[in-house]
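Here is a short briefing on one protein model.

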Amino acid sequence: MTTGVARIEQWIEENSRSLTGEEMSDTIFIFKDSVYTLKKTDAGAFDVVQSSGKVVVFRNEQETDDFTCKICGGHHDNRIETIRCCMDRHD
Ligand SMILES: [Zn+2]
């Protein structure tokens with residue numbers, strides 16, 4: 001079974017060529033319901049700090065509302081237009 005820490009170690013390995021330690025430090029990983037934060041130690045290695053809890057990720061910059069298409073994020077003047085916006089994309 002792949003663990004979050006194993007994934008992170010893989011990520012560090014893959015990114016250590018293109019990113020500096022400073023750039024990688026404080027990167028936050030979400031694996032299932034755990035949050036991992038990469039912390040650079042004084043020795044130059046990385047500590048993975050894990051915290052668990054209910055994870056909710058808000059990816060949009062703003063809350064969606066009745067005038068925002070939930071598929072494409074387009075804005076409309078009324079609900080009907082909003083609902084119709086991406087209707088043809090519903091399969
Ligand atoms: Zn749309």
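Of the 91 residues of the protein, 1% count as buried, meaning that 20 or more other C-beta atoms, placed from the backbone, lie within 10 Å of the residue's own; 12 or fewer make a residue exposed, and values in between make it partly exposed. The model is predicted: local features need pLDDT of at least 70, side-chain atom pairs count only at pLDDT 80 or more, and totals for chains, interfaces and linings use all residues. Residues are numbered from 1 along each chain as its sequence is written.

**Overall make-up**

- The secondary structure comes to 3 helices and 3 strands. These are DSSP runs, numbered from the N terminus: helices are H or I with at least four residues, strands are E with at least two.
- From the N terminus on, the order of elements is α-α-β-β-β-α.
- Contacts are pairs of residues whose C-beta atoms, placed from the backbone, lie within 7 Å. Among contacts between residues at least 6 apart in sequence, 18% join residues at least 24 apart.

**The sheet**

- An open sheet is formed by 3 strands in the order β1-β2-β3, with antiparallel pairing. Two strands pair if DSSP finds at least two bridges between them.
- β1 (28-31) and β3 (46-52) stand at the edges. Each has a single partner strand, so one side of each is left without a neighbour in the sheet.
- From one strand to the next, the twist averages 25°. For this angle, axes are lines fitted to C-alpha atoms (for helices over the stretch in contact), and angles run from 0 to 180 degrees between N-to-C directions.
- In a regular strand the side chains alternate between the two faces of the sheet.

**β1 with β2**

- β1 and β2 (residues 34-40) run antiparallel and are joined by 4 bridges.
- Ile28 has Thr37 as its bridge partner in β2.
- Phe29 is bridged to Tyr36 in β2.
- Phe31 has Ser34 as its bridge partner in β2.
- The hairpin of β1 and β2 has 2 residues between the strands.

**β2 with β3**

- β2 and β3 also run antiparallel, with 7 bridges joining them.
- Lys40 stands opposite Phe46 in β3.
- These two strands form a hairpin with 5 residues between them. In its turn, Gly44 has a positive phi of about 95°.

- Most residues other than glycine have a negative phi, and most peptide bonds are trans.
- Asp26 has a positive phi near 75°. Its place is the loop between α2 (21-24) and β1. Asp26 is exposed because 10 other C-beta atoms lie within 10 Å.
- Lys32 has a positive phi near 55°. Lys32 is found in the loop between β1 and β2. With 9 other C-beta atoms within 10 Å, Lys32 is exposed.

**Val55, beyond the sheet**

- Where is Val55 placed? Val55 is in the loop between β3 and α3 (79-85).
- Is Val55 buried or exposed? Val55 counts as exposed because it has 12 C-beta neighbours inside 10 Å.
- Leaving aside neighbours within four places in sequence, Val55 is in contact with Ile30, Asp33 and Val35.
- Val55 and Ser34 are 21 residues apart along the chain, and their C-alpha atoms are separated by 7.2 Å.

Conventions: Two residues are in contact if their C-beta atoms, placed from the backbone, lie within 7 Å.
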